[in-house]
Amino acid sequence: MSTVWLRVFLDVARHGSFTVAARTLGWTQSAVSRQISALEAALGGSPLFDRLPRGVRLTEAGRVLVPHAEAVVERLRGAGRELAALREAAGGLLRVGAFATADAGLPPRAIAAFRARHPAVRLTRHQDFTPVLLDLLGAGRLDLAVVSTTGRAPLDAYSLHHLLDESLYVAVPAGHPLAGQPSVRLPQLADADWIAGSPRPEGTLLDAALRHGFRPRVAHVVAEWTAKQGFVAAGLGVTLIPALAAESVRPDIALLPVLDEAAPARSVYAATVRGRSLTPAARAFLAALGEAAARIPG
């Protein structure tokens, strides 16, 4: 059944005339008559209008059809409006995810800029570890995720939009002997107690220590990076702080840039599913992420 037939049917029903409906549509009267005849044939042959000397009048079958035709046409108009809103990033839903440290500065700035430009788009966010974010992305539960190379996550299956190469800092107590140094190399802290998110350095930022031939002694396992700072401030050890979190560091600890060619900075990307088309809203959010990343220290 053609939706054009339904639209013509509603016009004729509204005006009570083939002639007026034809004039409104910019068609000939015979063209309108053919559309109605085709619709009647598709519905089993029952007439939808009584043809009167002056105009037409809905039959019982026509009166039954009116609300259904109106519902179909309105649903199609609604679909058109929503699709137009998506094309203009003026509506719809955008689902983004990020790992915890990135959420300290990168997504919030991007979200603020995005909402100022596209206030009608409903944005939801999810925080998790990079491997979990990638699983959610692949399952279609996220449209975009901010991920990092920490943990050797399998990034090859995704389209990666590079945001920044993130430098690392060692956080030490304010009274630490190295606190006044302009930078530090990791082997200088081979004998230190470390505060880390895992008892094992493999797959974490502390992977860098293994490449230098020493296994860091993890004295305290603390998952959240702000809590790690509290342990450092209390003199219970040292920890690695990525650049994304450095802006929000406590005043009672010192940050020392890690200078180490063997321990390169980690990379941060916006990941999307390879081969899946990005909505205009997702492309706009990618642009906002790039702007936010440009303001993060390298």
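Predicted model: local features only at pLDDT ≥ 70, side-chain atom pairs only at ≥ 80, totals over all residues.
Ring pairs tie Phe 9, Phe 18 and Phe 49 together into a cluster.

**Entry 1, aromatic pairs.** I looked up how many aromatic pairs the structure holds, and got three. I started with Phe 9 and Phe 49: their centres are 5.4 Å apart, with 50 degrees between the planes, and the pair counts as tilted. Phe 9 sits in helix H1 and Phe 49 in strand S1, 40 residues apart, so to speak a link between distant parts of the chain. I checked burial too: Phe 9 and Phe 49 are both buried.

Next I looked at Phe 114 and Phe 285. Their ring centres lie 5.6 Å apart and their planes are at 80 degrees, so I wrote this pair down as edge-to-face. Phe 114 belongs to helix H5 (residues 106–117) and Phe 285 to helix H10 (residues 280–293), and the pair links distant parts of the chain, 171 residues apart. Phe 114 is buried at 0% relative accessibility, and Phe 285 is buried at 1%.

Which residues of H2 (residues 18–25) are buried? I found Phe 18, Ala 21 and Ala 22. They are on the same side of H2, because they cover an arc of only 100 degrees around the axis. I then looked up what the buried residues of H2 pack against: helix H1 (3–15), helix H3 (29–42), strand S1 (49–51) and strand S2 (56–58).

At the start, a side-chain oxygen of Ser 17 comes to within 3.1 Å of the backbone nitrogen of Thr 19. After H2 comes Gly 26, with a positive phi near 80 degrees.

Methods
Residues numbered from 1 in each chain as written. Heavy atoms only, no water. Buried < 20%, exposed > 50% of the residue type's maximum accessible area, 1.4 Å probe, protein only. Helix = DSSP H or I, 4+ residues; strand = E, 2+ residues; numbered from the N terminus. Arc of directions from axis to C-beta. Contact = heavy atoms within 4.5 Å. Polar contact = N/O pair within 3.5 Å; in protein donor to acceptor, adjacent residues only side chain to side chain. Phe/Tyr/Trp six-rings, centres within 6.5 Å; stacked < 30°, edge-to-face > 60°.
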